[in-house]
Amino acid sequence: MGTVAFGDRFGLAADADGHPELSVPMTSPGFDAFREVWTTTTRPVSGTRDGLHFAHDGEHLFVSGTITARPVYAPTVRTTYEAAFSLVTELGYPHIFRMWNFVGDILGPNAEGLEIYQDFVAGRAEAFAAHHGEGTAHMPAATGIGTRGEGIAFVLLAARTSTPRHVENQRQTPAYHYPEQYGPKPPSFARATLLDPGGTLYVSGTASILGHETVHRGDVAAQTDVVLDNIAELIGGPNLSAAGLDGGHELKDLRLVKVYVRHERDLPVVRARCREALGPDAEPTFLNVAVCRDDLLVEIEGLVP
Ligand code: 3EB
């Protein structure tokens, strides 16, 4: 269906079979470089529209887009994400269940002095509001993360008939209700999304945030433990039950884990704590990139199949 190449380059193109291939500059010495390939059992149809690349197989849709570096991002983020939401509707895959947002120079200021992450968040919020109204019910699990380059890229996954069930975390304020101190618009995402039926639980990028506040500033070991505890709580039985869902999972059930580490020097500590908490099949990958608040040292995502 589509590939995300976590390497040195930034760009979006069709691969040899015509399927989307997004390249994001996120690798560095001592960390991982890899290709994430989303597959399906049938032969997907692929194409491009409005600069977006997509592929779909009758039940799932993969869409990717890029926005090159510019002084202010919000207006272009808005039009690009709106184009993606229109594509989702027109192709008949109205249920977005997972997004990744790769934001270059995420902590840097734009030409107006606004943090680029907040600039991005504002444009994305406008796209969600324009397409889905002011509600939060359509906001899926997501990752918002820095890269080692410039420009913004995204991937979204949507379904035709499966129903996404969005899950919040009782330990954390829903991101879409963050107070204004963090930026003019709150981030548009859910903490996790269960695709039903099918049962895969997609866990959003998760940071050392309790309520809406960063905890353990400057202490990467303690931040990593809070992140892992946040995910354990999120996927556990009581939290799922509060969201009206059955079942419950443990950290050992997480797969395809990605660990985003702010400072190169922190890799050994973060790796050790992840090894301790995760199961032998978690296949964690580690990338040295900035997280969306200057005081966040680590962010972790994954899924429960
Ligand atoms: C947080 O909890 C940490 O803007 O799409 C995590 C996952 C974060 C997704 C996004 C941001 C996003 O606020 C940052």
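How close do the axes of helix H3 and helix H5 come, and at what angle do they cross? The close-up views below start with that pair and then move on through this predicted model.

**View 1. Helix H3 beside helix H5.** The axes of H3, residues 220-235, and H5, residues 267-277, come within 9 Å and cross at roughly 30°. Angles under 35 degrees count as roughly parallel, and H3 and H5 are therefore roughly parallel to each other. Their crossing is right-handed. On the H3 side the contact is made by Val220, Ala221, Thr224, Asp225 and Leu228, while H5 brings Val269, Val270, Arg273 and Ala277. Sorted by class, this contact of H3 with H5 holds six nonpolar residues, one polar residue and two charged residues.

**View 2. Helix H1 packed against helix H2.** Here is another helix pair to look at: H1 covers residues 74-91 and H2 covers residues 116-132. The two pack at an angle of about 40°, and their axes are 7 Å apart. H1 and H2 are therefore oblique to each other, and H1 passes H2 in a right-handed crossing. From H1, the contact is made by Ala74, Pro75, Thr76, Val77, Arg78, Tyr81, Glu82 and Phe85. From H2, the residues in the contact are Asp119, Phe120, Ala122, Gly123, Arg124, Glu126, Ala127, Ala130 and His131. By class, the contact of H1 with H2 has nine nonpolar, three polar and five charged residues.

**View 3. The shell around the ligand.** S9 provides the largest share, three residues. By class, seven residues of the shell are nonpolar and five are polar, with no charged residues.

**View 4. His216 and its positive phi.** Take a look at the backbone of His216, where phi is near 60°, a positive value in a residue other than glycine. His216 sits in the loop between strand S15 (213-214) and H3, the helix from the opening view. With 17 other C-beta atoms within 10 Å, His216 is partly exposed.

**View 5. Strands S16 and S18, seen through Leu256 and Gly302.** Leu256 belongs to strand S16, residues 255-261. Although Leu256 is not a glycine, its phi is positive, about 50°. Leu256 counts as partly exposed, with 17 C-beta neighbours inside 10 Å. Gly302 lies in strand S18, residues 298-304. Is Gly302 buried or exposed? Gly302 is buried, because 25 other C-beta atoms lie within 10 Å. Setting aside its neighbours within four places in sequence, Gly302 is in contact with Val203, Leu254, Arg255, Leu256 and Val257. Gly302 and Asp253 are 49 residues apart in sequence, and their C-alpha atoms are 9.8 Å apart in space.

**View 6. Arg43 in the loop between strands S4 and S5.** Arg43 counts as exposed, with 9 C-beta neighbours inside 10 Å.

Notes: Residues numbered from 1 in each chain as written. Predicted model: local features only at pLDDT ≥ 70, side-chain atom pairs only at ≥ 80, totals over all residues. Near = placed C-beta within 6 Å. Helix = DSSP H or I, 4+ residues; strand = E, 2+ residues; numbered from the N terminus. Nonpolar A, V, L, I, M, F, W, Y, C, P; charged D, E, K, R; others polar. Axes fitted to C-alpha atoms, helices over the stretch in contact; angles between N-to-C directions. Parallel < 35°, antiparallel > 145°, perpendicular 65-115°, else oblique. Left-handed = near helix turned anticlockwise from the far one by under 90°. Contact = placed C-beta atoms within 7 Å. Buried ≥ 20, exposed ≤ 12 C-beta atoms within 10 Å, placed from the backbone.
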